[in-house]
Amino acid sequence: MKISIKGIGVLGGFGCGIGDLNNALITGKSSSSAMIIKTTGGDIEVPAFLANTDRLKSFVNKRDLRRIDHYIRMALLGCFLALEDADMLHANRGKMGIIIATGYGSTCNTFDLQHSVITEAAPFCSPIQFSNSVHNAAATYISILLKEVGPNLSVSHYDMSITSAFLSAYQWLQEERVESVLVGSVDEYNKILGYFRHCLYNTGNGKADFAGKMNLEHAIIGEGANFFLLARENEADSPYGFIEDVRMGNFKHRRINLPENAAFFLGADGYSECDEQYAEHIPEKAFVASYPHLYGGLPVGTGFDIAIAALSNKSGTVFKSGDSPIYNSGRLNVIRHNEDLGSRRICCLKLGAGGSYGCVSLNH
Amino acid sequence: MKPVEPVAIAGIGCICSAGLVLNECMDFLYKGKRNPAPPVNFPTKLTFPVFEVLEDFFQSSLFEEKNVLRTCKLALTATLEAISDAGFDREIFKTKRVGACIGTNVGCSMHDESFSNDSNTPFITPVYRFLFSNPTSSIASEFGITGPLQTVVNACSSGNDALGLAASWIRSGICDVVIAGGTDEMYQITYTGFKSLLINDDSPCKPFDVNRNGLNLGEGAAVFILVSEEIEKEMKKNPRGYILGYGAATDAFHHTKTRPDGKGLKLAIDEAMETSGTTPLDIAFINAHGTGTLDNDLVESRVLYEMFPGVPFFSTKGYTGHTLGAAGAIEAAFTIACLEKGRIPANVGFTTADPEMPPAYPVQQNSTINGNKALSETLAFGGNNSVLILSTGEHQP
């Protein structure tokens, strides 16, 4: 069964909306911000790709946003953009499922909450802060604002989160449980991740054990959201092509079975010990690209790769890859310039912690 | 939704304050015991009673995965019991397509308190520990699982949803075996958080009672081994039961309050009944969510009265506390055990009917039941409603 992508909503360091992502792919650039983290050893500066959610005001009343933190705002905006892109914002959507993936959850809010509970003389926390810290809070706001009463799933499995969300979306459509699924992912920058990056790349602390060998200027922390409105093939047009297959497994125990005639978008973002192992698993001389230089390093980065693959399907063009030390092996054909997609399918591959892998394949 | 094929439950493991294995838990329930007390496993100045696992339950010599969070230890312990209950050994995980689908709340939160030891310079160790302390990952790593992994974070319905989703992995053929369930530890953030919502009872909870005043939190895990028809045929013993159907729907109403008209719960029940091909007359009993909060119990009793008139129901929260992400799986385990024994436990804490509720009351003493199918339901923050239809092991593939 093929699943069509009816609409896409994205935001991140590259901007807001599928048009901004397309522009970033053409220019090969996103703009990062310098985040200052105060430590007992002095201030440190960490670059990050941050997302701006100002456009949310065009979809949601200001009053409805007053208790909503940045993490949830990113998720909401991603959803509204995807529905707008599919021209389904005000249409009768029938029975729609909602699936949201996150690697970390609402971390800024959670750390504030944790700090207040652990360090205050009397244990205290704000009820709003607490309810917003629950991992399905973003899905809750989305269901309330969209008035959607269908199945609603939140998943959190670090760097496999978005692949597992697509797996469930695929299942729900296959079972005819729903007519469409709004599936996507969100993660936010926080100072602990900033400090983590600082330790990996600036101090050498832990680098030998864990860090990918990405150049400093490439391993930039990202935040943002990516959402997709999916439907069964026979019920919709497919401007962005189809989700052909969703696979998960463990490459330490079983070899990954990957197609020959494909372009591979690799989720090597500089934060995984597996970053150097992609070349071992991909067919020799396969065409590869990676785009974390546009959206940054975050657990749900594969969602952006899926969005880029969908854009490639729509335009018939594979966009030029960012540079990456993982290409040095010479086994792979790196896509250095925009080129014709031809008849190739695109496999968005992520190698993750513990040998896990996820692969979402798109065709057109 | 069309009716779906039953999915066999080869084995079950369960750990909570009621017992360290499922049989112990059931004995505890039928004796009408409960032991809520202020928490001892974490520091707090609050004294609301909780249901903790007080024993030193984790047998580290049995596991490779040792340096993991308590939530993972609970899950690993329940998984080992489930594998043993199924009569499997670890070799099956090397030769079959095995997945894992586990529900949790605490297991996925950036909740390690050592993050906060120095808010300005967080240690790197807790970051690493977070990355590798996901309960599904712990199970996958411990047992060498090669198939799909999913960690469900649907608040209190996570365990139920994980079971329903895992069953569809079996039906669609992407897995031969799925390790599925829920797990959560008692933790001071959730403990304090529930206090902030003013839904903690400062005495043992009283589900469905007129004097109910909130919930007590608990901890635990339950894990099911779900198998395909092919594996079921190869098994040397009958499965413990089947997942016949699953339904889920959302209130689209409020973050922490139950929708007064029960629309989401009704939709979830409808889907579960349709997929299982059952009618209310087939249902021997209902294992209700029954937290002891004013809103939940009122809405739930109204929906059950409307949709299942005369069907006996009960809540086990009075024995275990509300185990959050584990609750759905633990209660599904209890449901299968009750079907096997033909007996359901009294709804401890209920003595006086609430005149606001319809004239349908939970069972007040241990009762025999007729039939081999039951419904287990969970309601959750975010308006999630999740329903499983379960049966004992009479189906022959």
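User: Between which two elements of chain B does the loop with B:P260 lie?
Analyst: This is a predicted model. In it, B:P260 sits in a loop of chain B. The elements on either side of that loop are β8 (241–250) and α9 (263–276).

User: Which residues does B:P260 touch, leaving out those up to four places away in sequence?
Analyst: Contact here means heavy atoms within 4.5 Å. With residues up to four places away in sequence not counted, B:P260 touches B:F253 and B:V299.

User: How far apart in space are B:P260 and B:D295, C-alpha to C-alpha?
Analyst: In sequence, B:P260 and B:D295 are 35 residues apart. In space, C-alpha to C-alpha, the distance between them is 7.8 Å.

User: Are α6(B) and α12(B) roughly parallel or roughly perpendicular to each other?
Analyst: Two packed helices are described by the angle between their axes and the distance between the axes. For α6 (residues 158–172) and α12 (residues 327–341) of chain B, the axes come within 4 Å and cross at roughly 70°. Angles of 65 to 115 degrees count as roughly perpendicular. The two helices α6(B) and α12(B) are therefore roughly perpendicular.

User: Which residues of α12(B) are met by residues in α6(B)?
Analyst: The contact of α6(B) with α12(B) divides into three nonpolar, three polar and no charged residues. From α6(B) come B:G159, B:N160 and B:L163. In α12(B) they meet B:G328, B:A329 and B:A332.

User: What area do chain A and chain B bury between them?
Analyst: The contact takes 67 residues from chain A and 74 residues from chain B. Of the area buried, 62% is on carbon and sulfur atoms. The area that chain A and chain B bury between them is about 5,800 Å².

User: Which three residues supply more of the area that chain A buries against chain B than any other three?
Analyst: Together, these three supply 11% of the area that chain A buries against chain B. They are A:F130, A:V149 and A:H157.

User: Which element gives the largest share of the side of chain A that touches chain B?
Analyst: Elements giving two or more residues to this side include β3 (33–39), α3 (107–119) and β10 (242–250) of chain A. The largest share is eight residues, and it comes from α3(A).

User: How many residues on the side of chain A that touches chain B are charged?
Analyst: The residues of this side include 31 nonpolar and 27 polar. The number that are charged is nine.

Definitions and conventions
Residues numbered from 1 in each chain as written. Chains lettered and ligands numbered in written order. Predicted model: local features only at pLDDT ≥ 70, side-chain atom pairs only at ≥ 80, totals over all residues. Heavy atoms only, no water. Buried area = accessible area lost by both parts, 1.4 Å probe. Nonpolar A, V, L, I, M, F, W, Y, C, P; charged D, E, K, R; others polar. Axes fitted to C-alpha atoms, helices over the stretch in contact; angles between N-to-C directions. Parallel < 35°, antiparallel > 145°, perpendicular 65-115°, else oblique.
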